[in-house]
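Look at the model below before reading on. The text then goes through its parts one at a time.

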Amino acid sequence: MTRNVYFDHNATTPLDPVVREAMLPWLGIPANASSRHQFGRSARHALEQAREQVAAAVSAHPSQVVFTGSGTEADNFAIRGICSTLKPGHLAVSAIEHPAVMKPAQALLQRGWKLTKIAVEKTGKVGIRNLEEALQQPAALVSIMLANNETGVVQDIPALSGIARRHGAIMHTDAVQALGKMPLDFNAFGVQAMSLSGHKIGGPQGTGALVLDKRLDIQPLLYGGGQEKGRRSGTENIAAIVGFGMACELLMHRPKVEIELRDELEVGLRALGAAIFGAEAQRVPNTSFFAIPGIDGETLVMALDRAGYAVASGSACSSDSSDPSPVLLAMGISPELAQGAVRVSLGSGNTAQEIQGFLQALRGELSRMQTMSALAV
Ligand code: PLP
């Protein structure tokens with residue numbers, strides 16, 4: 001059997017061998033960064049070095065970084081932790097947020113909060129007018145993701161956070177899918193909180209961070225021994241955090257996914273009649289989300305998997321649902337076309353040869369499916 005080609009880097013990435021090397025020593029020693037003895041002190045040193053590496057990746061100060069157990073936890077911490085410091089009011093999150101933001105925002109309804117889903121334009125972008133409209137009713141918190149996990153569409157966070165600030169709102173951005181795919185600068189974005197995750201950039205799963213404005217008031221999700229300056233209790237997972245830090249450091253040295261590769265893919269997809277979602281907007285360079293009219297996305301993903309190509313039929317994080325993608329519906333795409341959505345997300349190891357192989361496999365599967373449906377009538 002030939003080795004499968006991995007085209008699902010927005011779901012997770014392979015652990016970078018250099019990251020693995022950096023983690024290994026920490027798996028074999030008793031490393032509790034709160035201990036005063038030599039083992040503890042060296043764990044503390046490694047923890048603080050990782051904090052510097054993560055902070056550097058987003059041009060923030062290390063003291064602004066709170067390590068969490070995932071990007072999901074960072075998002076929950078931002079939404080729930082910020083709102084817990086405030087009297088119930090109004091919060092606004094974009095209609096295309098990942099469930100790690102959307103679900104905690106919806107859960108606040110039970111605590112007396114009002115929630116507005118900020119509409120997006122057809123392109124997948126949150127327009128200035130969309131945000132202005134949502135903020136007609138003043139909001140305490142606005143959350144808009146930087147890069148969408150399905151379409152790859154990048155939001156103009158500096159402009160949007162400027163508006164949020166002018167309306168007196170605190171601004172959070174989920175930058176999980178942007179880290180490593182575009183330059184990130186916490187201060188230039190003008191946000192007060194930014195979520196990150198390690199496993200989307202060659203780091204280990206189960207790592208994340210919330211980067212915070214120093215003046216921001218936030219309540220912890222987890223209470224206990226007071227680690228992370230009391231903002232996230234629980235003994236730090238040193239090996240994993242060291243890996244996350246190293247993955248951030250490597251971002252500066254590793255080649256990026258070349259946009260030409262995706263362009264090549266999309267030329268081939270368009271020739272097959274595919275609609276490409278979000279293509280009119282700025283996107284991170286590795287993501288292509290498309291549908292071929294009349295072809296079911298799930299069925300195509302399974303067929304491509306058998307042909308040796310690992311792609312996704314939407315967000316892997318909600319893959320147990322076969323409903324059409326809420327992101328596409330928010331962009332005004334018909335449920336029928338959205339049902340056909342397939343996501344290819346490239347990594348820096350993918351090649352032009354793999355793209356050509358994929359297009360050939362896709363052509364083969366499509367003609368097989370079309371023949372089968374012709375026989376069925
Ligand atoms: N936010 C976005 C935009 C994501 O794509 C994901 C994961 O796919 C998450 C948050 C959750 O991150 P994690 O898998 O580290 O919990």
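Predicted model: local features only at pLDDT ≥ 70, side-chain atom pairs only at ≥ 80, totals over all residues.

Residues are numbered from 1 along each chain as its sequence is written, and side-chain values use heavy atoms, with hydrogens and water left out.

Begin with the sheet. Seven strands form an open sheet in the order S2-S8-S7-S6-S5-S3-S4, and the pairing is mixed. Strands here are DSSP runs of E with at least two residues, helices are runs of H or I with at least four, and both are numbered from the N terminus. Two strands pair if DSSP finds at least two bridges between them. At the edges are S2 (65-68) and S4 (114-118), each pairing on one side only. On average, neighbouring strands are turned by 20° against each other, direction ignored.

S2 and S8 (residues 208-212) run antiparallel and are joined by four bridges. Thr 68 stands opposite Gly 208 in S8. In a regular strand the side chains alternate between the two faces of the sheet. In S2, Val 65 and Phe 67 point one way, Val 66 and Thr 68 point the other way, and all are buried; buried means under 20% relative accessible area, exposed over 50%, and partly exposed in between, with a 1.4 Å probe and protein chains only.

S3 (residues 90-94) and S5 (residues 141-143) run parallel, with three bridges between them. The bridge partner of Ala 92 in S5 is Val 142. Helix H4 (residues 99-107) packs on the sheet and touches S3, S4, S5 and S6 (170-174), where contact means heavy atoms within 4.5 Å.

Next comes a pair of helices. H10 (residues 297-306) and H13 (residues 352-376) pack at about 125°, with axes 10 Å apart. Axes are lines fitted to C-alpha atoms, for helices over the stretch in contact, and angles run from 0 to 180 degrees between N-to-C directions. H10 and H13 are therefore oblique to each other: angles under 35 degrees count as roughly parallel, over 145 as roughly antiparallel, 65 to 115 as roughly perpendicular and the rest as oblique.

Last, Leu 328 lies in helix H11 (residues 326-330). Leu 328 counts as buried because its relative accessibility is 0%.
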